[in-house]
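Biologist: I would like to go through this structure feature by feature. For each one, give me the general idea and then the case at hand.

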Amino acid sequence: AGGCFGVVWVVDSNDRERMDESRGELERLRSDLGLGNAPLLVWANKQDLPNSMTVSAITEMLRLQTLRDCPWYIQGCCATTGDGLWEGLDWLHASTSKIKDLQPLS
């Protein structure tokens, strides 16, 4: 009954000032809930804005490259147009399908 097979984390690509806060919250969430090997999809939203950070800059700021215990993927997107949303969901579906020993959190 219920559980967590993956995590979707949405960041505002145009809000540099809150990226450290977002990283801290993501780390706290993963630690407190013991997400283990649950795949992590990060949507870098608002990529349509002229001053938005690149996906690679956000990857560095969130320190995603340090995550060794779970598969992760960052997808640039624009929620208002839908750009990038399906690509992220496709990755998440494929990632959860590959993990045979993935157990839902209760």
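Biologist: Where is R23 found?

Modeller: This is a predicted model, and R23 is found in its helix α1.

Biologist: Is R23 buried or exposed?

Modeller: The cut-off for buried is under 20% relative accessible area. R23 has 14%, so R23 is buried. Not counting residues up to four places away in sequence, R23 touches M61, L62 and R63.

Biologist: What is phi near in K46?

Modeller: Phi of K46 is near 70°, which is again a positive value in a residue other than glycine. K46 is found in the loop between β2 and α2. Its relative accessibility is 33%, so K46 counts as partly exposed.

Biologist: Which residues is S52 in contact with, leaving aside its neighbours within four places in sequence?

Modeller: They are S13, N14, R16, K46 and Q47. S52 is in the loop between β2 (40–45) and α2 (55–62). The side chain of S52 reaches the backbone oxygen of L49 at 3.1 Å. S52 counts as buried because its relative accessibility is 16%.

Biologist: Now the overall layout. How many helices and strands does the protein have?

Modeller: The protein has three helices and three strands. Read along the sequence, they follow the pattern β-α-β-α-β-α. As for contacts in the protein with a separation of 6 or more, residues 24 or more positions apart account for 74% of them.

Biologist: What share of the residues is buried?

Modeller: Of the 106 residues in the protein, 36% are buried. The protein exposes about 6,400 Å², and carbon and sulfur atoms supply 52% of that area.

Biologist: How do the side chains of β1 point?

Modeller: In a regular strand the side chains alternate between the two faces of the sheet. Along β1, V7, W9 and V11 point to one face and are buried.

Biologist: In which sense do β1 and β2 pair, and over how many bridges?

Modeller: The sense is parallel, and β1 and β2 pair over six bridges. D12 stands opposite N45 in β2.

Biologist: Which residues of the largest nonpolar core touch the most other members?

Modeller: A nonpolar core here joins buried residues through side-chain atoms within 4.5 Å. The largest has 18 residues, of which V11, L40, V42, I58, L62 and L64 touch the most other members. β1 (7–12), α1 (19–33), β2 and α2 each supply at least two residues of this core. There is also a second, separate core of five residues, which includes L41, C77, W91 and L92.

Biologist: Take V11. What is V11 in contact with, leaving aside its neighbours within four places in sequence?

Modeller: V11 is in contact with M19, S22, V42, W43, A44, N45, I58 and L62.

Biologist: How many aromatic pairs does the count come to?

Modeller: The count comes to one aromatic pair. Planes under 30 degrees apart count as stacked. The rings of Y73 and W91 have their planes at 20° and their centres 5.4 Å apart, so this pair is stacked. Y73 lies in strand β3 and W91 in helix α3 (residues 85–98), so the pair ties together parts that are 18 residues apart in sequence.

Biologist: One last residue. Where does N37 lie?

Modeller: N37 lies in the loop between α1 and β2. At 28% relative accessibility, N37 counts as partly exposed. N37 and P71 are 34 residues apart along the chain, and their C-alpha atoms are separated by 7.1 Å.

Note on methods: Residues are numbered from 1 along each chain as its sequence is written. This is a predicted model: local features need pLDDT of at least 70, side-chain atom pairs count only at pLDDT 80 or more; totals for chains, interfaces and linings use all residues. Side-chain values use heavy atoms; hydrogens and water are left out. Helices (H or I, at least four residues) and strands (E, at least two) are DSSP runs, numbered from the N terminus. Buried means under 20% relative accessible area, exposed over 50%, partly exposed in between (1.4 Å probe, protein chains only). A polar contact is a pair of N or O atoms within 3.5 Å; within protein, one must be able to donate a hydrogen and the other to accept it, and residues adjacent in sequence count only if both atoms are side-chain atoms. Contact means heavy atoms within 4.5 Å. Accessible areas come from the Shrake-Rupley method with a 1.4 Å probe; for residues, only the protein chains shown count as cover. Rings of Phe, Tyr and Trp (its six-membered ring) pair if their centres lie within 6.5 Å; planes under 30 degrees apart count as stacked, over 60 as edge-to-face and the rest as tilted. Two strands pair if DSSP finds at least two bridges between them.
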